[in-house]
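Hi,

Here is the structure I promised to pass on. Have a look at it first, and then read on for what turned up.

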Amino acid sequence: MELPLPELPAFDYLHASSAQHALEQLGGSIARTRVLSGGTDLFVQMRAGSIAPTELIDLKHIPGLATIEFDENSGLTIGAAATMNAVARDPEVQANYPLLVRALETVASYQLRNRATIGGNLCNASPAADSAPSLLVLGSRLTLESVGGQRELALNDFFKGPGETALTPGEILTKISLPLAPTGWKGRYLKLGRNTSGDLAIVGVAVLGFPDPEPTSGFRFRIALASVAPTPIRVADAEELLETTTLSDESIEQAARIAQDLARPISDARASAEYRRAMVFELTAWALKDVRQMLEEEA
Amino acid sequence: MTEVERTVSAPSPVGESVKRIDAFEKATGAAPFADDLQFGPNLLYGRVVRSPHPHARILSLDVSKAAALPGVRAVVTGDNCDARFGLYLRDRYIFCRDKVRFVGDPVVGVVAISETIAEQACRLVEVEYEVLDPVVDPVRALDPGAPLLHENLADYEVADFIDPKPGTNIANHFKVRKGNVASAWDECEVIVEREFRVPIIQHVPIEPHVAVAELDRSGRYTLWSSSQSPFAQRNLIAQALELSQSDIRVIAPYVGGGFGSKAGLSAEGTAVVMAMSVPGHPVKVRLTREEEFFCAFVRQGLVAKTRVGANAQGEILAMKTEYYWDAGAYTEYGVNIARAAGYSSTGPYRIPNVEADSYCVYTNHPVGGPMRGFGMPEIHWGIEQIMDIVAEELEMDKVEFRLKNVLHGGEQNVTGMVMHPIGLSECIEKAARAINWGVDEPPSSPYARRSKGIAVSWKAPAMPPNAGSSATVRMNEDATVTVAVGGQEIGQGTFTVMAQMVAGVLGIPVDWVQISTPVDTKYSPYEWQTVASRLTWSMGNAVVAAAQDARRQILELAAEHWNEDIEHLDLRDGQVISYRSEEVLPLQNLVVYGLPLPDDQGWRGGPILGQGSFMPGYVTSLDNETGQGTRAVVHYTTGCQAVDLEVDTRTGKVKIHRIASAFDVGKAINPEQVEAQMQGGVVQGASTALFEQLIRHNGVPQNASFTDYRIATSVDIPDEIIPIIVEVPQDDGPWGARGVGEHPMIPTAPAIANAVSAATGVRIFDLPISAEKIYLEMQKERSG
């Protein structure tokens, strides 16, 4: 086994003054040049020797890249370099997207969240990324920029595998956009770690539900899972089931069973695949029941 | 000369919750730790090439590329230091010479001008290994065909109370044969037999190991290290380097958590050997957090096979135990942990027929060292669960079963030693009452099941029979006192407690007492080690003797001065007083300058310097075949913990509502510090119970970082910890005190396991009691 280095290896540091500046410097070589945001994953990987960039381009100081803006008509825009704590304590985020706040509060520790960014959390593309399930059920879209221009992508299409994303060489994530949350929505993020605080998720489940007269159940649901597949995933079949049948303990458990069947967890130091699968069922059912109760109380 | 104004009050501060004398320094960050010490531009850095294999023969070493790297000053190997060392069994080299025996075993040391260059050079070292089959299970290690770790075990020097078996992987075998176990089973109504497993865990001190060593021009070594045993380290380095103790000086500033990991010799040895090749340059070695997990010491794993029988009246009649300790590659303390486990194998119970075999077994795992509890948390994991199961089978209340069977003062224990007075029964009753034992209380949700569990424990200081302590008490002009000791402040509050004792003897306020820091083997009086929860008792006795020596000198001086009988004099409120003549003399000045003789005839007295030492003289050896003897240990500290918890059936997660922790400490010199030990012990005990294990795959650590080696955080600990102090005095303890530093984590894990079992019907036999295990076991129960 290779031990991590005693110190961070040497690298050239570039303070990017604009997105354009960063993109020009980034070129195409991911092996030699990496973008730096919070550094909470990047530095760990550099110490471990799993990546060895010789140049880091710091995005944190690019004007506008850390802003958080809420618009009553279009929703929320989060700059990719906004720290998790900045997002979590933003009054508009707290008022309109409390599900995201709850999810962010489960990430690592408060101190780490002073550095860690949402953009970094997504680009690191860990299957266990705690911000991902909530952002998925909230219908987030991403803005990716390169020297050639910018493009938009649904978060659902962004994750390609553990550590792999739709980002092409020379491209950076600049914005995360959340549409207005549906009227009357209730949500729940349940994260199971080995201990209560600071652990990576063994399983993470985000559930969002809102009233809608159109489907049979009178509600629409969105369900997303972390840590149980190569990427964070949506569970569309379970969502559909809950809309097309009458809402009951049975339908909820059936939906949870669908989520469990969709999960493809691995066994590792944190948990066995067997336990993870069981927890997908338990936590999905638990979150759905909580959301149902909240919706019914409201109704 | 200035007269110092002091407000004086206070009767004896002994028994008072005096504020920690190191609190301000530590809370403000001013307290210096080993890595804070400054060494100037001569400082060099050492890094170590470690074995990537659990078991291999070193065929060849090529360090030429490493040595040629610019910035590298020296490269050392096993050839630089060829004497074996070890506390009880000399089975190690500082750098490997023939074989490597665990992943992390030091092979080559590189000294360079920076840590980074040293590390780069380490990666240029070429080592050719012949990989050997590893031994990764302490039971299978005893199979006739198992690979041998130490082929030359017969040649190793060993202490007379340790019994290695050359030609096997057994580093020590300790036996108990008491009564007649074989015939006792027939009289039993209930017999329970179970196997328990305890994983390897690590101490995870907040401060990793730091050592700086320098060889000076006179050929002497100085070692600055984060150390809880400076004198033992000096001794071990002397062994390994074949030097005299006086050629080595160890300076030990404050320790950022030890829990046993900073006793004995680990990273410090590598620093000393590296320093050897660069005289005049201090060499700093710091373990990274990842190295800390497996390159210093770990707590040994354990496989325990236990059988217990009781009669219909609920009296335990017989107990048969086999312990297989997963000692790792070398033993340092492990052989003595196996011994302590053997002579404590019954737990604090009165059992007439006992058979125990405790094997300390070499494996290709990290080196097992001492850790808080020294084998006792590990053995009580099984003892206290099997006692619960016996009580269940007898359909007896678990508190009642324990009260019926635990030892009292005057009764013979497992080794034939007559127990001193103990307050264990009182501990059990009070702990049970504190959590409403026997009362069902509602869980917090319909998905949770709540119940209660209890466990008792005992532990004696495990040490050589003649482990000693010494102290000096020097009076200053202003009547303040400078106390020198060789025991170390490792967060347990010992300096405060020593100051209280001195103040108590000399009749002065605690804040007149200063402890000489850092501990420095050149200036501090000898102390065996800061381990075994022995300082309050052993170093306390030495400190009290030193203070009494000073007190006697002061009183004799005043008695002569007043021409009075010494019997009528006392020290109170910083003064010498006479109860007969009501004369009063302030201590200031007289304790250094003496007192004038009448009629200008000169002076008497002089600087007061008290000295004291302590060594128990009464510990006897135990019979090799039976483990029986007059007095195996100095004393046992006993206690009980009772747990109230609930389990979430959806996840298997445990939520601890409260833990009552009652221990018989003899006398609480500082009750708040005793309570702090109980709180800390419960937290560490709960953490090891629920989360901790160093996972290995074929001997290779898999989770050597905080990412995947989880410890309890502030939100994981019990909502309420109820400390209960019981005081049945120890006849040879200062004011009756005995140690309690390690004890409060001993019964925590089995008490939690017993409560989980009561709540869910599921019993976990292998630590930790993870949510996953509980959930999956409950699933098995549900599906029949």
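A residue is called buried here if its relative accessible area is under 20%. Please keep in mind that this is a predicted model.

By that cut-off, Phe39(B) and Trp224(B) are both buried. Their ring centres lie 4.8 Å apart and the planes meet at 75 degrees, so this is an edge-to-face pair. The two partners come from distant parts of the chain, 185 residues apart: Phe39(B) sits in the loop between α1 (23-27) and β1 (44-50) of chain B, and Trp224(B) in strand β10 (residues 221-225) of chain B. Over all chains there are 19 aromatic pairs. Elsewhere in chain B, ring pairs join Phe293(B), Phe706(B) and Tyr709(B) into a cluster.

Two charges over rings are worth a look as well. Within chain B, Lys26(B) lies over the face of Tyr254(B), 4.3 Å from the ring centre. Between the chains, Arg650(B) lies over the face of Trp286(A), at 3.4 Å from the ring centre.

Now to the interface. Here 29 residues of chain A are in contact with 33 residues of chain B, and the two chains bury about 2700 Å² between them, with 56% of that on carbon and sulfur atoms. Four salt bridges cross this interface; one salt bridge joins the side chains of Asp708(B) and Arg270(A), at 2.6 Å from N to O. The polar contacts between chain A and chain B come to 17 residue pairs. On the side of chain A that touches chain B, helix α11 (residues 273-298) gives the largest share, eight residues.

Enjoy exploring, and best wishes

Terms used:
Residues numbered from 1 in each chain as written. Chains lettered and ligands numbered in written order. Predicted model: local features only at pLDDT ≥ 70, side-chain atom pairs only at ≥ 80, totals over all residues. Heavy atoms only, no water. Phe/Tyr/Trp six-rings, centres within 6.5 Å; stacked < 30°, edge-to-face > 60°. Helix = DSSP H or I, 4+ residues; strand = E, 2+ residues; numbered from the N terminus. Buried < 20%, exposed > 50% of the residue type's maximum accessible area, 1.4 Å probe, protein only. Lys NZ or Arg CZ within 6 Å of the ring centre and 35° of its normal. Contact = heavy atoms within 4.5 Å. Buried area = accessible area lost by both parts, 1.4 Å probe. Polar contact = N/O pair within 3.5 Å; in protein donor to acceptor, adjacent residues only side chain to side chain.
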